[in-house]
Amino acid sequence: MSLIVEFELETPILRVASGAIDRIRLEEVYETESGKSKLLFCAFGERFDRFESALADDPTVREFADIEEGMDRRLYSVILTEEAAGQLTYPVAAEYDVSILEIVATDETVVRARVPSREALTAYRNRCLEKDLGFRVQRLYREQNAETGRYGLTDAQYDALQVALAAGYFDVPRETTLSALASELDVSAQALSTRLRRGQTAILEHTLEDDPT
């Protein structure tokens, strides 16, 4: 059974910017075709003018864009500097089959991840320390309830697909929009798009693999 670890990561990435807003929640990490590292994240708070000034001054940010605006949140994309990209832990996590579940930054950056074993966690931690990233485990526990169910869907993916189907999102023509669904589920449109895409991929992979023909 997998282990869930919650730990504080002392990373320079977005450290200046995160101090100017209530909370940042990372949505996605990408690598562009040109090899640049790009983050998508939701920022929660009120003073977005101050936050964007902090983004402009953050030494780890090469450029940023405001993608979507809400009442108390905004979705941003950020392209990291080359030096900051070298501090990302995702490539290291992939080496040890560590699955990053959530990253939230306030006064500190707290990560929740699934690890296959204590040995994998130790190896991952040591590699982070080699990158001069502080790593302090806050909580470690066994995963009691599997997060994936039939067809490999997470609960969040199942709910998103069910709501989208009922609302006519998959109809031709569509009966609703991605933004409307995202508002109903209280997530960003980008996060919902990713959730739906991953859910559909999980269903296809499981059904096609199970097809005896």
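**Aromatic pairs, cores and strands**

Guide: Phe7, Tyr124 and Phe135 form one aromatic cluster. Keep in mind that this is a predicted model.

Visitor: What makes Tyr124 and Phe135 an aromatic pair?

Guide: Their ring centres are 5.8 Å apart. The cut-off is 6.5 Å, so they count as a pair.

Visitor: Why is the pair of Tyr124 and Phe135 called edge-to-face?

Guide: The angle between the planes is 85°.

Visitor: How many aromatic pairs does a search of the whole structure find?

Guide: Seven. One of them joins Phe51 and Tyr76, at 5.3 Å centre to centre with 70° between the planes. The angle cut-off is over 60 degrees, so that pair too is edge-to-face. Phe51 sits in helix α2 (residues 48-57) and Tyr76 in strand β5 (residues 73-80), 25 residues apart.

Visitor: Why is Phe51 called buried?

Guide: Its relative accessibility is 0%. Buried means under 20%, so Phe51 qualifies. Tyr76 also has a relative accessible area of 0%, so Tyr76 is buried as well.

Visitor: Which residues touch the most other members of the largest nonpolar core?

Guide: Phe41, Phe51, Leu55 and Tyr124, out of 36 residues. Strand β1 (residues 3-10) gives the largest share, four residues. Apart from this core lies another, of 12 residues, including Ala160 and Leu192.

Visitor: What is Leu55 in contact with, leaving aside neighbours within four places in sequence?

Guide: Its contacts include Leu14, Phe41, Phe64, Tyr76 and Val78.

Visitor: What makes β1 "mostly covered"?

Guide: Seven of its eight residues are buried.

Visitor: How do you know that β1 and β7 pair?

Guide: Six bridges join β1 to strand β7 (residues 109-115), in the antiparallel sense. At least two are needed, so the strands count as paired. Glu6 has Arg112 in β7 as its bridge partner. On β8, eight bridges join that strand to β1, again antiparallel. There, Val5 stands opposite Leu140.

Technical notes: Residues numbered from 1 in each chain as written. Predicted model: local features only at pLDDT ≥ 70, side-chain atom pairs only at ≥ 80, totals over all residues. Heavy atoms only, no water. Core = buried A, V, L, I, M, F, W, Y, C linked by side-chain atoms within 4.5 Å. Buried < 20%, exposed > 50% of the residue type's maximum accessible area, 1.4 Å probe, protein only. Helix = DSSP H or I, 4+ residues; strand = E, 2+ residues; numbered from the N terminus. Contact = heavy atoms within 4.5 Å. Phe/Tyr/Trp six-rings, centres within 6.5 Å; stacked < 30°, edge-to-face > 60°.
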